[in-house]
Amino acid sequence: MKTLFKIRWVVLLAALLAAARTEAQEFRIAEIEFDAGGIAFEYPSEEGYYYRLIRNADLTEVSTAVALGLASPPAALLRDDDPPAGRAFYQIQRLLITAALDTDGDRIDDVYELQRSAILDPLDPFDASEDPDGNGLSHLSEYLAATAPLTRIAATSPRPGEQGVALTRETVLRFSAPLSPAVRLLPDRISARAAGGSLPARLHLAKDRRSVTMFYGEPLPPDAEVTVEVDGGLIFDGYGRGVDADGDGGGPD
């Protein structure tokens, strides 16, 4: 019986500093280890960064990411568990976590996936559509909801404090992002008051779900201050979150 064996050639091009930095700082691979399962690279690891192992079969081939890892000071390992036979070129990139890439192109950034490595893989482009907890939201939907700015009231007409408003003028509330298609506009959620009493109004949601218009059933009281109240905890945006009605960034009010 013929005994076959495989020789692996590894040429380490450089440990690339992919994050832009003003100061020059040396970043090198500390050690390379071969075993039956593949090749492991040890490198210095710093907080504030994550790391990506890149492989090329030759200098003209498009780079392939084979492993990613979060910082684990003072040193960490990245492995290629399926190295090719023959020659390979490797690079390790150091990337800022505040400017994370999307290596697998699934619209979820690398750091978000690495922080949830039990359910997400930054090298798997198909896991974004999965819904393992069965809540009706895919990983991508939950990611977008977690990272998108809270929806707030971006503008109103009339403007706050505006004087000389016509008695027949409607009120328009404009939101920074679309409201949920299933949003229910009820008087306990958006209401108006003046002269000590409520002002009955018909609420209309625009087609793009970015604005609500209040059409009053009768002219506004003259020389009265009108107050419009919005309960952000009962009005939901397209991600199912309550609206940050007062715009303080603290969530629904």
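Let's start inside: Phe41 and Tyr90 are both buried, where buried means under 20% relative accessible area, exposed over 50% and partly exposed in between, with a 1.4 Å probe and protein chains only. Some ground rules. This is a predicted model, so local features need pLDDT of at least 70, side-chain atom pairs count only at pLDDT 80 or more, and totals for chains, interfaces and linings use all residues. Residues are numbered from 1 along each chain as its sequence is written, and side-chain values use heavy atoms, with hydrogens and water left out.

Now the rings. Rings of Phe, Tyr and Trp (its six-membered ring) pair if their centres lie within 6.5 Å; planes under 30 degrees apart are stacked, over 60 edge-to-face, and the rest tilted. That rule gives three aromatic pairs. One of them is Phe41 with Tyr90, a tilted pair, 4.9 Å centre to centre with 45° between the planes. It links distant parts of the chain: Phe41 is in strand β3 (residues 38-44), Tyr90 is in strand β7, and they are 49 residues apart. A word on those labels: helices (H or I, at least four residues) and strands (E, at least two) are DSSP runs, numbered from the N terminus.

Next, Tyr112 and Tyr143. Their pair is edge-to-face, at 4.8 Å centre to centre and 75° between the planes. Here helix α1 (residues 110-114) supplies Tyr112 and helix α2 (residues 139-147) supplies Tyr143, 31 residues apart. Are these two buried or exposed? Tyr112 is buried, because its relative accessible area is 11%. Tyr143 has 10% relative accessibility, so Tyr143 is buried as well.

The charged end of Arg116 sits over the Tyr112 ring, 3.6 Å from its centre. The test for that is NZ of Lys or CZ of Arg within 6 Å of the ring centre and within 35 degrees of the ring normal. Arg94 does this too: its charged end is over the ring of Tyr49, 5.0 Å from the centre.

Tyr49 takes us to strand β4 (residues 49-56). Eight of its eight residues are buried, so β4 is largely enclosed by the rest of the structure. In a regular strand, side chains alternate between the two faces of the sheet. In β4, Tyr49, Tyr51, Leu53 and Arg55 point one way, while Tyr50, Arg52, Ile54 and Asn56 point the other. What does β4 pair with? Strands pair if DSSP finds at least two bridges between them. β4 and β7 run antiparallel, joined by eight bridges, with Tyr49 opposite Leu96 in β7. β4 also pairs with strand β5 (residues 64-70), antiparallel again, over six bridges. There, Arg55 has Thr64 in β5 as its bridge partner.

Out to a loop now. Asp82 lies between β6 (75-80) and β7 (86-96). Asp82 counts as exposed because its relative accessibility is 61%.

Last, the largest pocket. Its lining has 26 residues, and Pro158, Arg159, Gly161, Glu162 and Val226 lie nearest its centre. β8 (153-157), β9 (171-175) and β14 (227-230) each supply at least two lining residues. The largest share, four residues, comes from β14. That's the tour.

Technical notes:
On a 1 Å grid over the protein atoms alone, a cavity is a set of points where a 1.4 Å probe fits but cannot get out, and a pocket is an open set with protein on both sides within 12 Å along at least five of seven lines; lining residues have an atom within 4 Å of a point.
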